[in-house]
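Student: Walk me through this structure, please. I want to know how to read each feature before I see the case.

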Amino acid sequence: MGQQRRDIVDGGRMSYLKIIILVLFVVCNLLFGIYSPANAELAELGIYPFSVEPGSRPLGLGGAFAAIDDVSSSFYNPGGMAWAKGIGFTVRNAGNLSVLQAYPLGNNASLGLGVITRKYSNMPITGGTANSDSTLIALSYGSKLTYIPFLYDQPFFKRLGFGITIKGLMSQTLQRTGQADISGTGIEADFGLLWKGGDYWNVGLCLQNGLSASGGELGSIKWNNGSKEGIPARLKLGAAIDLIGDYSQPIRNDEHGVLLAAELDFYRSSATNFRLGGEWSYLDQYYVRAGVMELGVNLGFGLRQEDWGVDLASYVEPAINERSLRLSVLYFPKEWIVVKNLDLPRPTISLEDVLQSISLQDNVSTYDDRINIAGKVKPGVAIYINGSNVAVNDDFTFNAVVPLRMQKNLVLVEARYEGESKVWKYKVLRKAKVTVKEEEQIKAEIKKAQTPEEKEALRKKEENIIEARQQLESLVTLGVIEIKPDEQFVMQAGITRGELATWIVRARELKLPLVNEDLYKDVPRNNPLAPYVKAVVEAGIMQPYPDGTFRPNAFISKQEGEFIFKKFKK
Amino acid sequence: MKKLILLLLIIISAAAFAEEISSEQALTKEEAIKLLSATDFMKNKIGQLLSWTIGYDISKVNKVKLTPTINYIKALPRKAPPDGRTVVDIVASVEDPGGLGNISGVRADLSSIGRLANVVLVDNGLFGDEKAGDGIYTLQTSVPSRIEKGSKEIPVAVANKKGWLAIGKTNLDVAKNPVIIEAKFYPDEAVANGQNIVTLIAIVSNPGRLEDLELVTADLSKMGINDPVILNDLGIDGDSRAGDGVFSAQFVVPGFVAAGEYPIIIMAANISSGRAQYQTSLRVYR
């Protein structure tokens, strides 16, 4: 039954997707058929002011960015704006700057604003040089169709973002030796879809400069000498996969991540271009990128901290065919959430914001075998911890007891709301709690101490004991030393040969051998220590006595202990 | 004499050796811990244990079963009329990894049938619950008359004392009209002689209780029999068992009925003013 339902849902998704692709395909063919760059003042110089590619991260990925959501999405695929947030400032030099902003409106929508200046000087042309200067302003909007009431709970549309970017060329000037200076303006638009088909893969489709089909004032550059210049349209089809990552990716790795992206760019009047990019990340903080686009290989580096980032890209600037560097500074304000209260039964809150409070902190050490996690969520939000559903009370608080395993625990807190989810990860270290007799004794002595000097001396002793106890706890946590529950450990007690054999075997992770016959006179095969004794002797760390005994119950002398640990180190 | 000297030497040597052994102090556990922790091998392992940047991968997620289990949820009856009086039992069988005593509450969302969104199911042997403490929780409700017909989803949530939740659901069909599932004649062809008994059997279901069916009749007027035949589920007049939803009636086909196939309409009505109609036919020969 569940499979059948999934099939039906998947079938529904495919049907929607097929219809969308078909419609776009027909529309794009119509558009491409009409475009004609009749008067190509800028195109002759290789300048396409409406096809700018701002942002260093996209360039680091070879421009294969149609299937990735980012603050730069408005210029690569406005469909990604449904998920985008942040501010990006990018600079190549003083004349080539861009500022992009993706402002989340809540309800899975973002409003984008971009200002891009491009300046090319002394470009060689026949009989002299040319200078080009332009300012482009872009306004974009990306959302999901889930604001339509009957689509709000459709799984397919929850994963589909659509967007539009309106681009206004405010001032394009062109100076050429021997020719009159001209200036122009124009308006264009990009249309995009981004489908997050799975938890780790996306598909993007973007029609860039889609107004060029109109043939009128829109979709062209109108020069002040009365001529018009067509704008080449481009259909971008991209895919991206988070191949390696720490949670939902196909290859799991806690520290490293790999994103791969590819893109096909279709033009009516020129050959199809293929773009390919990859991004390797470490601890979600450090990024190295490489990509291939039309003019060569691009390289990029990135750094992310909590709410800011820096990206650097090396690429070939198309208009001047020179390798250039581009630097982006990014800021992702946490508080950029605007909630609209609409009557429609659709998402009204952002997932970033659904977990209002939680008692758990990251990087927590505890001795307890369980941890109490309490918190508060926004109405309608379901909470899952480690995949299990948590009861949310009427006042939207929750309080769950999560069992902890010895050593490392990763606690996943997942908020689910209207078909979307967000996961927070918390690292918890459970250590073994050990009670040391000497520590209790010294505490009692400190209480009884009469003089400050006496107290101070005892405190120093106590510090040493605490240090030893902490080392002991680490060894118990690792399973090297076994202590029975409620057992009081005596630090100053002697250690027997048999006991030390067990510590060494567990510490070195020696494989316990089978014991089929009596080992020594005093270690018969049914002695619980026999496998440990055999293992340490075979490893050459401890030796039996010449009289054919091992003496597992004999205390070890200091000299003997040092000798054994010398062997242990080897 | 030589033997005596030798013996003395042995005793002296033994005493010296014994002195050497006793002067050595035994290695304490504290010292052993320090020696062990100081080895590069253990330093590395302890360093990894205490590191927050390595080792916290998906395998460190404790997936132990924490939530209660819902074995089944049922609405009894499965169909109920929107009359505000037919009692509907919502029954949920639950378990918990910590035992039934760890269950903190079972609640149902009855908003789809116009009742409260957070109604408690009980396992106390009262209010429709058959047996206390058996893990089968029950609540009794009814469907108000304003509720439209159709399948209504009733989610049920079970929470335990450690804060974990299981959610399940059942469906309740809100329907007013009874349904005549099937109707048959025995024998399937009748002789028009006014003597041979024909038994009509109709299987009828009713939203809510079967007892709330008011009347089940068969219209034989096409055969010229003007009085409708009343079917019963009382275990009499051809009805084999009372209260099983199989309604029966017996009649004879008078001799004036001509041979042929006659349409017979069976109708059922319940106390909620629900109606059902079923058409079959009877072949008559002479």
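Tutor: We go from the chains to the sheets, the helices, the contact and the cores.

Tutor: This is a predicted model, in which local features need pLDDT of at least 70 and side-chain atom pairs count only at pLDDT 80 or more, while totals for chains, interfaces and linings use all residues. Residues are numbered from 1 along each chain as its sequence is written, and chains are lettered from A and ligands numbered from 1 in the order in which they are written.

Student: How many helices and strands does chain A have?

Tutor: Helices (H or I, at least four residues) and strands (E, at least two) are DSSP runs, numbered from the N terminus. Chain A has nine helices and 27 strands. Chain B has three helices and 16 strands.

Student: What share of the residues in chain A is buried?

Tutor: A residue is buried if 20 or more other C-beta atoms lie within 10 Å of its own, exposed if 12 or fewer, and partly exposed in between; C-beta atoms are placed from the backbone. Chain A has 570 residues, and 38% are buried. For the 286 residues of chain B, the figure is 33%.

Student: And what share of the contacts in chain A joins residues at least 24 apart?

Tutor: Two residues are in contact if their C-beta atoms, placed from the backbone, lie within 7 Å. Take contacts in chain A between residues at least 6 apart in sequence: 58% join residues at least 24 apart. In chain B, residues 24 or more positions apart make up 60% of the contacts with a separation of 6 or more.

Student: Now sheets. What is the strand order in the open sheet of chain B?

Tutor: Two strands pair if DSSP finds at least two bridges between them. In chain B, three strands form an open sheet in the order 1-3-6, with antiparallel pairing. Its edge strands are strand 1 (69-76) and strand 6 (136-141) of chain B, each pairing on one side only. Neighbouring strands of this sheet are turned by 15° against each other on average, direction ignored. For such angles, axes are lines fitted to C-alpha atoms, for helices over the stretch in contact, and angles run from 0 to 180 degrees between N-to-C directions.

Student: How many bridges join strand 3 of chain B to strand 6 of chain B?

Tutor: Six, between strand 3 (residues 88-95) and strand 6 of chain B. Ser93(B) has Ile136(B) as its bridge partner, and Val88(B) has Thr141(B). Strand 1 and strand 3 of chain B pair over seven bridges, also antiparallel. There, Ile73(B) is partnered by Ala92(B).

Student: How far does helix 6 of chain A reach?

Tutor: The expected span of a helix is 1.5 Å times one less than its number of residues. Helix 6 (residues 452-477) of chain A has 26 residues and reaches 36 Å from first C-alpha to last, close to the expected 38 Å. Its buried residues include Ile465(A), Arg469(A) and Leu472(A). The buried residues pack against elements including helix 5 (437-448) of chain A and helix 2 (29-37) of chain B. Gly479(A) follows helix 6 of chain A, with a positive phi near 85°.

Student: Is helix 8 of chain A mostly covered or mostly uncovered?

Tutor: Mostly covered: seven of the nine residues of helix 8 (residues 530-538) of chain A are buried. Among them are Tyr532(A) and Lys534(A). Helix 7 of chain A is one of the elements that cover them.

Student: Last, which residues touch the most other members of the largest nonpolar core?

Tutor: A nonpolar core is a set of buried Ala, Val, Leu, Ile, Met, Phe, Trp, Tyr and Cys residues joined through C-beta atoms within 7 Å. The largest has 52 residues, and those touching the most other members are Ile383(A), Val390(A), Ile90(B), Ala92(B), Val156(B) and Val158(B). Beyond neighbours within four places in sequence, the contacts of Ala92(B) include Ile70(B), Leu121(B) and Tyr137(B).
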